[in-house]
Protein chains: 2
Amino acid sequence: MNTQITPAALLALSESSQNQTIRSFLSGSHSVEVAETVSSLPVQEAWNVLSLASPSLAAEIFSQFDLPYQVAMMDCLSRRDAVQLISAMAPDDRALLFKRLPAEKRDMVLPALAQAEREDIRALTSYDSDSAGAVMTSDYATLSPGMRVSQAIEHLRHVAPDKETIYYAYVLGSQRMLVGFVSLKDLILASPSARIEEIMHREVISTRVDDDQEEAARTIQKYDLIALPVVNEDGALVGIITHDDAIDIITREHTEDIEKFMAISGSHETGVYLSTPALVHFKNRASWIVGLAALGLVSGVIIHRFEATLSNMIILALYMPMVADTGGNTGSQAATVVVRALALREIRPGDFLKVIFKELKISLLLACILGVLSWGKVMYLSHDTVIPLGVSLSRIGLAIAVALSLQVVTATLTGAILPIAAAKFKLDPAVVASPALTTVVDITGLLIYFMTARLILGV
Amino acid sequence: MNTQITPAALLALSESSQNQTIRSFLSGSHSVEVAETVSSLPVQEAWNVLSLASPSLAAEIFSQFDLPYQVAMMDCLSRRDAVQLISAMAPDDRALLFKRLPAEKRDMVLPALAQAEREDIRALTSYDSDSAGAVMTSDYATLSPGMRVSQAIEHLRHVAPDKETIYYAYVLGSQRMLVGFVSLKDLILASPSARIEEIMHREVISTRVDDDQEEAARTIQKYDLIALPVVNEDGALVGIITHDDAIDIITREHTEDIEKFMAISGSHETGVYLSTPALVHFKNRASWIVGLAALGLVSGVIIHRFEATLSNMIILALYMPMVADTGGNTGSQAATVVVRALALREIRPGDFLKVIFKELKISLLLACILGVLSWGKVMYLSHDTVIPLGVSLSRIGLAIAVALSLQVVTATLTGAILPIAAAKFKLDPAVVASPALTTVVDITGLLIYFMTARLILGV
């Protein structure tokens with residue numbers, strides 16, 4: 001960090017071939033910061049800089065770039081350079097890149113890799129992109145049960161440079177079955193002559209390779225793990241997911257959740273706002289918005305049904321938006337709280353009745369306050385609005401207030417029920433949160449509004 | 001995990017005083033799972049179970065309970081038990097609990113603690129609850145620069161049982177100044193006779209004790225750290241934040257963000273949905289909802305201003321909700337994307353113009369599609385609606401479509417501008433996202449709607 005340099009200065013150094021200065025910049029700072037500076041340059045210029053580093057340092061910096069930038073840079077490289085770079089990358093980073101490379105690039109690079117690397121890439125890229133397998137790495141340290149502690153430490157020292165973490169080492173039985181683990185702390189504390197099987201933890205928290213990766217990340221969070229072993233259906237160890245992956249998975253899931261809340265589709269895992277073209281943003285947003293507009297047809301039909309009511313009593317039209325908005329807001333709040341509680345495992349679909357009961361209480365309180373407020377609003381705002389003979393303003397205010405209160409209760413319960421129902425049917429609860437919810441609640445709100453008006457005002 | 005037991009079975013064991021079986025359950029499973037089972041019992045019964053464990057195991061299990069449960073249990077304990085339990089807790093967990101204890105409980109326990117513990121609690125509880133200081137622990141391992149590697153490993157082995165992590169050890173100069181760090185991996189790989197100052201990393205990524213804790217968590221995420229050292233204004237080491245804290249901080253920030261999006265106030269850091277009383281849920285939700293209802297007065301005034309227009313041309317009233325909803329949806333989408341991009345540091349307030357330009361392009365595309373659709377909707381739904389003489393339905397459809405398109409562009413830009421402006425003034429961008437945004441956009445939408453109708457239809 002003491003060798004800070006701007007992208008412009010770096011470009012100038014590169015153009016005047018001050019390779020020694022560039023090399024000391026590349027190796028003198030943290031790879032995260034070097035990558036930030038280098039990736040501000042166009043890919044070809046960035047590669048000119050990066051190619052001055054040793055293959056392993058180049059691969060370390062390259063892995064910090066975001067994926068679209070990595071893919072773009074691969075396009076500039078000769079086959080030799082590409083193969084050298086990919087060979088030096090960590091297995092999990094390499095697999096993620098491979099999934100994004102165009103087929104011709106993959107076909108160009110794969111045959112030139114060593115067989116072990118080829119097989120590793122094939123294995124790691126074969127899993128579903130939401131699964132634990134898709135984010136695991138094959139760079140883990142293993143021990144055998146019969147080793148002595150001193151041998152184990154010697155072994156870890158030997159393999160350390162190539163492993164993602166040596167703080168946990170996994171103990172494998174026959175057929176790579178995961179039978180236990182030891183932490184480096186355990187090894188340091190144990191007697192050097194003890195056998196691994198005597199000191200290892202036999203109850204290993206692990207995840208299946210086809211489990212959801214968010215589930216795996218939450219397990220790492222729950223048990224405060226540095227790494228979580230991933231096993232196949234036979235219980236054989238196939239990879240690990242490390243604590244830093246868990247943070248990234250949780251952050252990504254959160255972005256997806258919040259985008260579902262706002263009806264934005266499409267994968268944003270590579271999405272960096274500014275580098276995503278406007279047309280892609282448009283596509284991600286349009287599908288839902290257009291869908292909601294189509295659903296809005298139903299509201300339109302309902303409103304038209306009650307056209308006569310509205311033209312007889314124009315004051316009802318004036319308060320239509322208020323009822324719709326309030327229903328949308330209270331429903332979204334309930335949905336948000338319930339979706340979040342489901343995500344954090346605070347509630348389960350089985351808690352259905354408890355949730356409904358609690359939301360009912362909350363919504364009754366909200367309904368009272370908002371009902372009174374809306375009655376006051378009608379009395380204050382509409383004191384000189386034309387109303388039909390034979391109906392008093394306070395009676396109209398009452399009808400609007402009752403409708404609004406009913407709508408608050410209905411919308412809150414709908415907001416709570418939809419996500420739980422979605423979870424019960426193994427759908428993502430966030431999808432049914434607002435604005436999809438808002439649109440549904442609009443429809444129920446209009447029906448409630450006109451029915452109440454009919455009952456109380458006789459229109 | 002091989003000694004699974006239900007809460008009911010545990011209670012039965014406790015009532016029949018089968019202490020040996022209970023002890024083997026307490027020590028035989030992961031403390032996270034034991035804590036889940038034990039905390040299903042009422043606090044007094046839970047304490048009867050927990051008191052059978054050794055003080056250190058009891059403290060470990062106790063620390064896994066959520067805070068309200070910890071506070072409730074403290075209420076059942078004798079002074080002696082409370083002091084013993086608190087002494088055995090990790091400093092960061094202890095400090096968090098202390099902040100929640102009622103004053104009389106604190107005053108009862110504090111004098112009975114050892115002086116070092118008292119001072120540690122005072123130091124850790126003195127920081128602002130959003131700061132890095134509030135989540136750090138004082139259980140870190142330190143080395144001095146002149147130590148040999150072999151001495152350092154011996155030292156770490158000696159202190160390991162009491163430290164949160166020994167995988168990073170911090171090297172301190174005079175006055176506890178942080179001068180470097182070494183990982184246990186570095187130590188294992190180094191020659192035993194090398195001096196720490198020869199192998200330590202001198203560029204330490206650290207955070208200030210009064211920095212925001214989300215910032216600290218993002219630093220841990222960015223650099224894939226196991227722990228982040230926390231220094232005071234003089235550069236002296238005062239604590240560390242570990243990777244598992246970072247995940248919890250990020251998860252908590254996510255929840256707060258998403259609740260701000262949906263206008264839910266109040267602190268949820270201890271909030272577990274089902275154990276939070278309905279009245280608290282109500283309070284958290286009501287303040288904003290009532291505030292929004294008050295803001296809705298402005299929309300009400302605008303609608304009343306154009307009451308004559310609406311009664312002359314009732315068809316305009318029918319499409320008022322559609323324009324408001326669509327504006328709210330598109331505005332919320334833009335706000336969501338921008339708030340998220342700000343949170344993930346993909347954009348900065350300085351990117352203002354770039355963001356506006358991109359959102360302008362996106363909104364124009366959305367405006368075209370939605371404009372055409374709304375025109376079709378009017379033509380299809382309103383073919384037999386009564387309209388004043390001298391105006392054609394297609395002209396009314398045109399006015400509605402133009403108003404909707406203008407509203408989509410305005411709402412999208414407003415949704416993008418408000419969060420960036422909030423960030424510029426050091427406010428939280430999420431607060432101005434929907435539904436606050438929806439309410440603002442409702443007002444602009446109504447103005448646009450009636451102005452457009454006046455211009456195109458002359459009403």
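Predicted model: local features only at pLDDT ≥ 70, side-chain atom pairs only at ≥ 80, totals over all residues.

1. A:Ser63 counts as buried, because its relative accessibility of 19% falls under the 20% limit for that class. The residue belongs to helix 5 of chain A, which covers residues 55-64. Beyond its neighbours within four places in sequence, A:Ser63 is in contact with A:Gln70, A:Met89 and A:Asp93.

2. In chain B, helix 5 (residues 55-64) contains B:Gln64. Is B:Gln64 buried or partly exposed? With a relative accessibility of 35%, B:Gln64 is classed as partly exposed. When neighbours within four places in sequence are set aside, its contacts are B:Ser31, B:Val32 and B:Ala35. The C-alpha atoms of B:Gln64 and B:Leu381 are separated by 59 Å, and the two residues are 317 residues apart along the chain.

3. B:Thr438 is part of helix 21 of chain B, residues 436-457. A relative accessible area of 17% places B:Thr438 among the buried residues, since buried means under 20%. Its contacts, leaving aside neighbours within four places in sequence, are B:Gly328 and B:Ser332. Although B:Thr438 and B:Leu292 are 146 residues apart along the chain, their C-alpha atoms are separated by 9.4 Å.

4. Two loop residues of chain A deserve attention for their backbone angles. Most residues other than glycine have a negative phi.

5. A:Asp224 is located in the loop between helix 14 (213-222) and strand 5 (227-231) of chain A. Its relative accessibility is 33%, so A:Asp224 counts as partly exposed.

6. What is the overall form of chain A? The chain has 21 helices and 6 strands. Its radius of gyration is 30 Å, well over the 23 Å that the globule rule gives for 459 residues, so chain A is more spread out than a compact globule. Along the principal axes, the C-alpha atoms of chain A fill a box of roughly 95 × 60 × 40 Å.

7. Within chain A, buried residues make up 55% of the 459 residues. Of the contacts in chain A with a separation of 6 or more, 67% are between residues 24 or more positions apart. The accessible surface of the chain is about 18700 Å², and carbon and sulfur atoms contribute 57% of that area.

8. In soluble globular proteins, nonpolar side chains tend to be buried together. The largest nonpolar core here has 106 residues, and the residues with the most contacts inside it are A:Leu184, A:Leu187, A:Ile196, B:Tyr170, B:Leu184, B:Leu187 and B:Ile196. Not counting residues up to four places away in sequence, B:Leu184 touches A:Tyr167, A:Leu184 and A:Ile188 in chain A, as well as B:Leu156, B:Ile166 and B:Tyr167 in chain B. Apart from this core lies another, of 86 residues, including A:Leu316, B:Val323, B:Leu404 and B:Tyr449.

Definitions and conventions. Residues numbered from 1 in each chain as written. Chains lettered and ligands numbered in written order. Heavy atoms only, no water. Helix = DSSP H or I, 4+ residues; strand = E, 2+ residues; numbered from the N terminus. Rg over C-alpha atoms; globule rule 2.2 N^0.38 Å. Buried < 20%, exposed > 50% of the residue type's maximum accessible area, 1.4 Å probe, protein only. Contact = heavy atoms within 4.5 Å. Areas by Shrake-Rupley, 256 points an atom, 1.4 Å probe, with all protein chains shown as cover. Core = buried A, V, L, I, M, F, W, Y, C linked by side-chain atoms within 4.5 Å.
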